[in-house]
Amino acid sequence: MKVTEHHSYVLIKLEKKTKIEDLLGFLERCDRNNSLIIDLLNANIPDNLIVSKLLPFHFIWQKTNNSFILVSNISKKMINDMVSIKTLEEALDFFHMEQLTRNI
C-alpha cells in the first residue's frame, strides 16, 4: 500500500499483496479532515469485501463533508452510495469538481 499526501487529499494505492486489514487500520488512524482517493485497481481483494468494509468509512467521511472516492471496476449496483470511478485521472477530476462545488 502506497500513501501519498497532497494539499487537500490523500491518495492510497493498493497493491496486489495489500490486505484489507492494512487499509482498514490505516483508515482508522487517518485524519478525517482530508479527502481520500483509494485506488483499488491493482488490489487482489474481493469486491463484496471491499464494499462491506469501506461503506462505514464512506459515511464517516461524508459526515465531515470530505470526499471518499474509490478508483475501481466494482459494478455500480454493488457500490451502494459510494463513488467509484474507473480511472485515477477521472477520480482526480471528480475530486476537484467536488471541491469547486463545495466552495460555491
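By the ring-pairing rule used here (Phe, Tyr and Trp rings, with the six-membered ring for Trp, pair if their centres lie within 6.5 Å), the count comes to 2 aromatic pairs. One of them joins Trp61 and Phe68: the ring centres are 5.7 Å apart and the planes sit at 45°, so this pair is tilted. On the cut-offs, planes under 30 degrees apart count as stacked, over 60 as edge-to-face, and the rest as tilted. Trp61 and Phe68 are both buried, where buried means under 20% relative accessible area, exposed over 50%, and partly exposed in between (1.4 Å probe, protein chains only).

A few ground rules before going on. This is a predicted model, so local features need pLDDT of at least 70 and side-chain atom pairs count only at pLDDT 80 or more, while totals for chains, interfaces and linings use all residues. Residues are numbered from 1 along each chain as its sequence is written, and side-chain values use heavy atoms, with hydrogens and water left out.

Now the core. A nonpolar core here is a set of buried Ala, Val, Leu, Ile, Met, Phe, Trp, Tyr and Cys residues joined through side-chain atoms within 4.5 Å. The largest one has 25 residues, and Ile12, Leu27, Ile38, Leu54 and Phe68 have the most contacts inside it. At least two residues each come from strand S2 (9-13), helix H1 (20-29), strand S3 (35-39), helix H2 and strand S4. H2 gives the most, with 6 residues. Helices and strands are DSSP runs numbered from the N terminus (H or I, at least four residues, for helices; E, at least two, for strands). There's also a second, separate core of 9 residues, which includes Tyr9, Leu11, Ile37 and Ile69.

Ile38 is a handy place to look around: beyond residues up to four places away in sequence, Ile38 touches Ile12, Leu14, Leu23, Leu27, Phe68, Ile69, Leu70 and Val71. Contact means heavy atoms within 4.5 Å. S3 and S4 run parallel and are joined by 4 bridges; two strands pair if DSSP finds at least two bridges between them.

|---|---|---|
| H1 | Ile20, Leu23, Leu24, Phe26, Leu27 | Glu21, Glu28, Arg29 |
| H3 | Leu88, Ala91, Phe95 | Glu89, Asp93, Met97, Leu100, Thr101 |

In H1, Ile20, Leu23, Leu24, Phe26 and Leu27 are buried. They cover an arc of only 160° around the axis, which puts them on the same side of H1; the arc is that of the directions from the helix axis to the C-beta atoms. These buried residues pack against strand S1 (2-5), S2, S3 and H2.

In H3, Leu88, Ala91 and Phe95 are buried. Their arc is only 55° around the axis, which places them on the same side of H3. An α-helix has 3.6 residues a turn, so residues three or four places apart point the same way. The buried residues of H3 pack against S2, S3, S4 and S5. H3 (residues 88-103) has 16 residues and reaches 23 Å from its first C-alpha to its last, close to the 22 Å expected at 1.5 Å a residue. That expected span is 1.5 Å times one less than the number of residues.

Finally, the loops. Ser67 lies between H2 (47-63) and S4 (68-71) and, at 2% relative accessibility, counts as buried. Leaving aside neighbours within four places in sequence, Ser67 is in contact with Ser35, Leu36, Trp61, Phe95, Glu98, Gln99 and Arg102. Asn65 lies in the loop between H2 and S4 too, and its phi is near 60°, a positive value in a residue other than glycine.

Asn80, in the loop between S4 and strand S5 (83-85), also has a phi near 60°. Asn80 is partly exposed, with a relative accessible area of 47%, and is in contact with Val51 and Leu55 once neighbours within four places in sequence are left aside. The C-alpha atoms of Asn80 and Met97 are separated by 21 Å, with the two residues 17 apart along the chain.
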